[in-house]
Amino acid sequence: MIVRPMQPEDYPGLVELWSSFPGNAMTGADSEAGFTSFLKRNGSYCFAAVDSDGIVGSVMAGEDSRRGYIYHLSVKKELHRSGTGRLLMDTVEKALYDAGIEKIHLFIFSDNPAIEFYRKTGWHLRNDIEVMSKVLRGDRYMGTRKT
Ligand SMILES: CC(C)(COP(=O)(O)OP(=O)(O)OC[C@H]1O[C@@H](n2cnc3c(N)ncnc32)[C@H](O)[C@@H]1OP(=O)(O)O)[C@@H](O)C(=O)NCCC(=O)NCCS
């Protein structure tokens with residue numbers, strides 16, 4: 001298994017991976033056009049884990065020169081607890097650190113067991129911040145979570 005920069009051609013394999021987690025929120029930003037546009041802007045912070053079966057893991061991040069934001073950390077179920085998630089996060093965190101980013105954030109549903117993964121990899125849960133959201137374009141959710 002290797003971790004390498006994500007490519008536009010990875011899209012079908014990534015959608016298959018992301019769709020295998022029912023709680024995973026996929027929005028209009030996960031359309032092929034949205035994915036390609038994100039990669040164009042943030043390609044140096046998007047990585048795929050690949051083995052002989054194809055795409056087995058992913059992480060995407062973007063930055064605004066001030067903070068970095070992590071999206072779509074996912075590892076194929078059969079490979080959970082084998083260090084792949086940590087490897088993907090180490091890779092993206094190094095890329096953001098090398099770009100001078102001071103702090104990174106991520107959004108996670110409060111019932112997602114992956115919170116424990118993040119705790120073990122150096123993240124802490126904030127209890128001093130609420131997230132507010134506003135939809136500017138349509139209702140283009142592709143996934144199961146509508147909040
Ligand atoms: C979160 C996820 C990427 C972790 O991937 P992984 O390859 O299993 O993680 P690792 O094997 O690198 O685990 C690193 C550490 O976290 C621990 N860990 C991983 N998942 C855990 C869980 N659900 N509960 C508790 N600890 C967990 C591992 O045991 C390991 O601990 P150790 O260093 O003490 O041995 C994977 O569970 C996943 O794809 N989940 C579904 C998608 C998802 O919800 N992503 C987050 C979106 S915000």
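Student: What makes the nonpolar surface patch in this model?

Tutor: Tyr-71, Phe-107 and Val-131 make the patch, about 320 Å² of it. Keep in mind that the model is predicted.

Student: Why is Val-131 called exposed?

Tutor: Its relative accessibility is 55%. Exposed means over 50%, so Val-131 counts as exposed. Val-131 sits in the segment after helix H4 (114–120).

Student: Which residues have the most contacts inside the largest nonpolar core?

Tutor: Val-59, Ile-70, Met-89, Val-92 and Leu-96 do, in a core of 17 residues. Strands E2 (46–51), E3 (54–63) and E4 (67–75) and helix H3 (84–98) each give two or more residues to this core. H3 gives the most, with five.

Student: What does Ile-70 touch, not counting residues up to four places away in sequence?

Tutor: Its contacts include Val-59, Met-89, Val-92, Leu-96 and Trp-123.

Student: Why is the pair of Tyr-11 and Phe-35 called tilted?

Tutor: The planes stand 40 degrees apart. Under 30 degrees counts as stacked and over 60 as edge-to-face; the rest are tilted. So 40 degrees gives a tilted pair. Tyr-11 lies in helix H1 and Phe-35 in helix H2, 24 residues apart.

Student: What makes Tyr-118 and Trp-123 an edge-to-face pair?

Tutor: Their planes are 65 degrees apart, and the cut-off is over 60. The centres are 5.6 Å apart, within the 6.5 Å limit for a pair.

Student: How do you know whether Tyr-118 and Trp-123 are buried or exposed?

Tutor: Buried means under 20% relative accessible area. Tyr-118 has 10%, so Tyr-118 is buried. Trp-123 has 17%, so Trp-123 is buried too.

Notes. Residues numbered from 1 in each chain as written. Predicted model: local features only at pLDDT ≥ 70, side-chain atom pairs only at ≥ 80, totals over all residues. Heavy atoms only, no water. Patch = residues over 30% accessible without salt bridge, like charges linked within 9 Å, V, L, I, M, F, W, Y side chains within 5 Å. Areas by Shrake-Rupley, 256 points an atom, 1.4 Å probe, with all protein chains shown as cover. Salt bridge = Lys/Arg side-chain N within 4 Å of Asp/Glu carboxyl O. Helix = DSSP H or I, 4+ residues; strand = E, 2+ residues; numbered from the N terminus. Buried < 20%, exposed > 50% of the residue type's maximum accessible area, 1.4 Å probe, protein only. Core = buried A, V, L, I, M, F, W, Y, C linked by side-chain atoms within 4.5 Å. Contact = heavy atoms within 4.5 Å. Phe/Tyr/Trp six-rings, centres within 6.5 Å; stacked < 30°, edge-to-face > 60°.
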